[in-house]
Number of protein chains: 2
Amino acid sequence: MGAPLRRPVLVDDVHEAIKALIMDHRIAPGARVSIDGLARDLGVSPTPVREALARLESAQLVVKEPLRGYRTTPLLTLDQLDDLYQFRLLIEPWAAARAAGRAGEDGRARLAAELAAADAPDDDTYAAYRAFTAHDARFHLLVAELAGSDQVRQAFQRTHWHLHIYRLHYDRGIGPKALAEHRKISDAVLACDAAAAEAAMREHLERSYYGRLRPTYAEGDR
Amino acid sequence: MGAPLRRPVLVDDVHEAIKALIMDHRIAPGARVSIDGLARDLGVSPTPVREALARLESAQLVVKEPLRGYRTTPLLTLDQLDDLYQFRLLIEPWAAARAAGRAGEDGRARLAAELAAADAPDDDTYAAYRAFTAHDARFHLLVAELAGSDQVRQAFQRTHWHLHIYRLHYDRGIGPKALAEHRKISDAVLACDAAAAEAAMREHLERSYYGRLRPTYAEGDR
DNA sequence: TCGAAGAGGATCCTATAGGATCTACCGCGT
DNA sequence: ACGCGGTAGATCCTATAGGATCCTCTTCGA
């Protein structure tokens, strides 16, 4: 009687399943997504599939064409990726500075715990890669949360940056450097040094993108 | 044969209908929203209602409680309103500066046209009030669009600030001043003066909020 | 008088069916 | 050979039905 705490809402499971299909490229970018087809494959009725796709649409992972069905969005272009990081550079350094000034005891503890639990992926296994990206997503979201502004946190969250970047799967083997930069940001926040936190976050994003992700993406263009 | 171009997508109409119900307080803030009940009232089946509510959820106008239905979100508290305008102050001055530097011929023409078409509401009629709020929403969205960043435009749009502020309906009779400030912003953008545009937008938001909207809201608390 | 267990009603969730629309293929005419 | 109209299939959209869950009111016992 202890175990069954999973909520019996099928639409959530369907939502996760479709998201996984898109992220792992089991549904190609730009391909059409049949509602009835998905329902058959997943063994459910079209109704929850329809609702799940409506949610995915707000995450920009699919687009709806009335009377013609849904279609997966294409991968981010270089311009869109530039735009995404420009937005992150507008939001996140600000959030880091605010977090340094406003985070309470509880928030600081959570930040320290997140850093302590994060291991640099010392091998190239897929599992280690996924574990680091999960930490990456949690860390940046936590900083946004500690800034104390729901609007900023939501705006940041609704970019779904980790989903889109994960679809590109171009950022392997960057764990140790990023982790060190995360620690630098965390130290500044814990020291209540707003200026240092802002600078560290800005530096982290610029190095991550212009120094690592973007060159990899640009050379991988086809 | 010319007229009937309305798309036969019922869910869009349902979405607009429900949004109107919430905005006009025909469904009280915090009240429960029955799926079947709405379907009966609107004369449609629950399926499109369900999909429309899923969309409204991303606009924060309703929240879903699994197995318990949907509920309208309460009106924005003063803290949330502060937070909303803090976010606008982070985004919109930046967008105005970028718009001044990047807007093309087409964009400038659209901006000029929007200003030319906007009349200051010289009377206190409801129609004039609604016309001004419509211009207000279009103007700020246009500036965000002219900044040339989809991420910023979407982040701004997804706040649905005009929906939430309209629910408060506390900002009557501010048309002429706001319109003059809009014109100042527009002039700076059209003159390609990024610094002036940024300053004008910041001044406009601060005056609108701290000088007009917030005092009205604060005195109207119950 | 207060608290708890049970029955009734309403609601949500999922599945299935029918009508409307779009896409693809095939045959015909120029 | 090329373009156009018609038909068949698949898909989407909406409506309806049944099973499961939650809320509320009533009733019983301490």
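The surface near DNA strand D, where a residue counts as near if its C-beta atom, placed from the backbone, lies within 6 Å of the strand, comprises 11 nonpolar, five polar and two charged residues; here Ala, Val, Leu, Ile, Met, Phe, Trp, Tyr, Cys and Pro are classed as nonpolar, Asp, Glu, Lys and Arg as charged, and the others, Gly among them, as polar. The model is predicted, with pLDDT of at least 70 required for local features and 80 or more for side-chain atom pairs, whereas totals for chains, interfaces and linings use all residues. Residues are numbered from 1 along each chain as its sequence is written, while chains are lettered from A and ligands numbered from 1 in the order in which they are written.

Of the 18 residues that surround DNA strand D, the closest are Ile35(A), Gly69(A), Leu10(B), Val44(B) and Ser45(B). DNA strand C is likewise surrounded by 18 residues, the closest being Leu10(A), Val44(A), Ser45(A), Ile35(B) and Gly69(B), and its surface divides into 11 nonpolar, five polar and two charged residues.

Between the protein chains, 22 residues of chain A are in contact with 22 residues of chain B, contact requiring C-beta atoms, placed from the backbone, within 7 Å. The side of chain A that touches chain B holds nine nonpolar, six polar and seven charged residues.

Technical notes: Two residues are in contact if their C-beta atoms, placed from the backbone, lie within 7 Å.
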